[in-house]
Amino acid sequence: MLPSLWHGLAKQIHRHQAAKRDRFRERLGHSSIPRPSGRVIWVHAESVGEVSTVASLLHDIAEHGHIVITTTTQSGAERVESLGSERILHQFKPADTPVAIGRFLDHWRPRAAVFVESDMPPVALSILRQRGIARALLAARPSGTRRRAPKIAAALLAEFDLVTASSQSVADELEGLKVKVHHVEDLKAYQSAVTEPLPWSEAQRTRPIWLAVSAHPEEYDLLFAAHDHLQAREPTALMVIAPRHPVSSRAWAPKRFAPVFFSDGHQPKDDTGLFVMDAFGHVPQLHLLSHVSFIGGSLGKRGGHSPWEAARAGSYILTGPDIANNAPAYNGLAHEIITTPNALADAVCKAWAAPRPAPILRSAKNSQTTRAVLDMLQAQC
């Protein structure tokens, strides 16, 4: 109704995300890279978490055509770049207005549009339907919006040709809205590409190391207090933290730990107590350094992040109590819930004294969702 309002909002989002200024026009539908020849699939994944959800699936689908993946956030853009595939291209999500979406679709001419987890832009869905472009919603997750506005949600969900759910409880909720759920599958369970460890010296690799991955600012105080306890027991203990959303400021990293940042191109020194992974795409390498991981987003009210990356690496999984967003995954995986710095330090020490668990590996090529998306593409030929 008010395109200028949406365009102004897009400009604010772009500036807030610290994205490159010359890429703002992508949010108005002006593509900054040429369209490759052949089949193109549009995938929208809002941010880093959604990109990670479908990372394995993207590589499989890219064997059958190029993918243009849009994100709203800069961190999502960096996660796409870390996938390292010439067949997976990134653009920022166009504003949900007829002009911006029309420009985007005119340029890319996608064979299908795939939305990940929760995004349901009404204008885009309507135009995609008008143009006869297949539409899929993959790995639908719990949503407060569906509960607050069920009629609107049902109308938007009716626009999709293919809907999959991340858990049976989500599937039941969608079916209660008269939506056909084709498959129930947690895509985060699938195997990532094998990686080489970070090129640290043997002296640094063999230190007692523990990880805090996908950590949020509200969790830092507890995590750092736990590390104080660990260093009192093991003076050479090294904490490696991978913030969910890296920021340019470094004031949050306690100087008492002599922090070292990955983006500076350094590895830890003997006196380093904290190593900060402030770049995307390297968490699997971190898991090769340590077999104990605290999974962030679980000490506040964010619902917790997925434990599957740690499980695939063969890691002892530690988490806070708020894991509602990934409850089915945690129900099937060994884990320990902690609420205090002492409890976290005790759990890390216990993991250090135990052998690494066996990795839990599954291949995305065998997933129902991958087959369903490829069948949808085939039907568009």
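Q: Quick one to start: how many cavities of 30 Å³ or more does the count come to?
A: Two. Keep in mind that this is a predicted model.

Q: What volume does the largest cavity have?
A: About 40 Å³.

Q: And which residues line the largest cavity?
A: Its lining is made of Pro243, Pro246, Val247, Ser248, Ser249, Arg250, Trp252, Phe261, Val276 and Asp278.

Q: How do the residues of that lining divide into nonpolar, polar and charged?
A: For the largest cavity, six are nonpolar, two are polar and two are charged.

Q: OK, on to pockets. What's the volume of the second largest pocket?
A: The second largest pocket comes to about 620 Å³.

Q: How many residues line the second largest pocket, and which lie nearest its centre?
A: There are 31 in the lining, and Glu117, Arg141, Lys188, His305 and Asn325 are the ones nearest the centre.

Q: Which elements give two or more residues to that lining?
A: Three helices do: H2 (48–53), H9 (168–176) and H14 (327–331).

Q: Which one gives the most?
A: That's H2, which puts four residues into the lining of the second largest pocket.

Q: What about classes in the lining of this pocket?
A: In the second largest pocket, 13 lining residues are polar, nine are nonpolar and nine are charged.

Q: You mentioned H9. Where does Ser166 lie relative to it?
A: Ser166 is in the loop that runs between strand E6 (162–165) and H9.

Q: What does Ser166 touch, leaving out residues up to four places away in sequence?
A: Ser166 makes contact with Ala139, Ala140, Arg141, Pro142, Glu185 and Asp186.

Q: New topic: helix packing. At what angle do H5 and H6 pack?
A: Helix H5 (residues 98–108) packs on helix H6 (residues 122–130) at about 50 degrees, and the axes are 9 Å apart. That angle is why H5 counts as oblique to H6.

Q: Is that crossing left-handed or right-handed?
A: Right-handed, as H5 passes H6.

Q: Which residues meet there?
A: From H5 you have Pro98, Ile101 and Leu105, and they meet Val123, Ala124, Ile127 and Leu128 of H6. By class, this contact has seven nonpolar residues, with no polar and no charged ones.

Q: Now H11 and H15: how do their axes cross?
A: The axes of H11 (residues 220–233) and H15 (residues 341–352) come within 8 Å and cross at roughly 50 degrees. So H11 is oblique to H15. The crossing of H11 and H15 is right-handed.

Q: Which residues does H11 bring, and which does H15?
A: H11 brings Leu222, Leu223, Ala225, Ala226, His229, Leu230 and Arg233. On the H15 side they meet Pro341, Asn342, Leu344, Ala345, Asp346, Val348, Cys349 and Trp352. By class, the contact of H11 with H15 has 11 nonpolar, two polar and two charged residues.

Technical notes:
Residues are numbered from 1 along each chain as its sequence is written. This is a predicted model: local features need pLDDT of at least 70, side-chain atom pairs count only at pLDDT 80 or more; totals for chains, interfaces and linings use all residues. Side-chain values use heavy atoms; hydrogens and water are left out. Axes are lines fitted to C-alpha atoms, for helices over the stretch in contact, and angles run from 0 to 180 degrees between N-to-C directions. Angles under 35 degrees count as roughly parallel, over 145 as roughly antiparallel, 65 to 115 as roughly perpendicular and the rest as oblique. A crossing is left-handed if the near helix is turned anticlockwise from the far one by less than a right angle, and right-handed if clockwise. Contact means heavy atoms within 4.5 Å. Ala, Val, Leu, Ile, Met, Phe, Trp, Tyr, Cys and Pro count as nonpolar, Asp, Glu, Lys and Arg as charged, and the others, Gly among them, as polar. On a 1 Å grid over the protein atoms alone, a cavity is a set of points where a 1.4 Å probe fits but cannot get out, and a pocket is an open set with protein on both sides within 12 Å along at least five of seven lines; lining residues have an atom within 4 Å of a point. Grid points are joined across faces, edges and corners, and a volume is the space filled by probe spheres set on the points.
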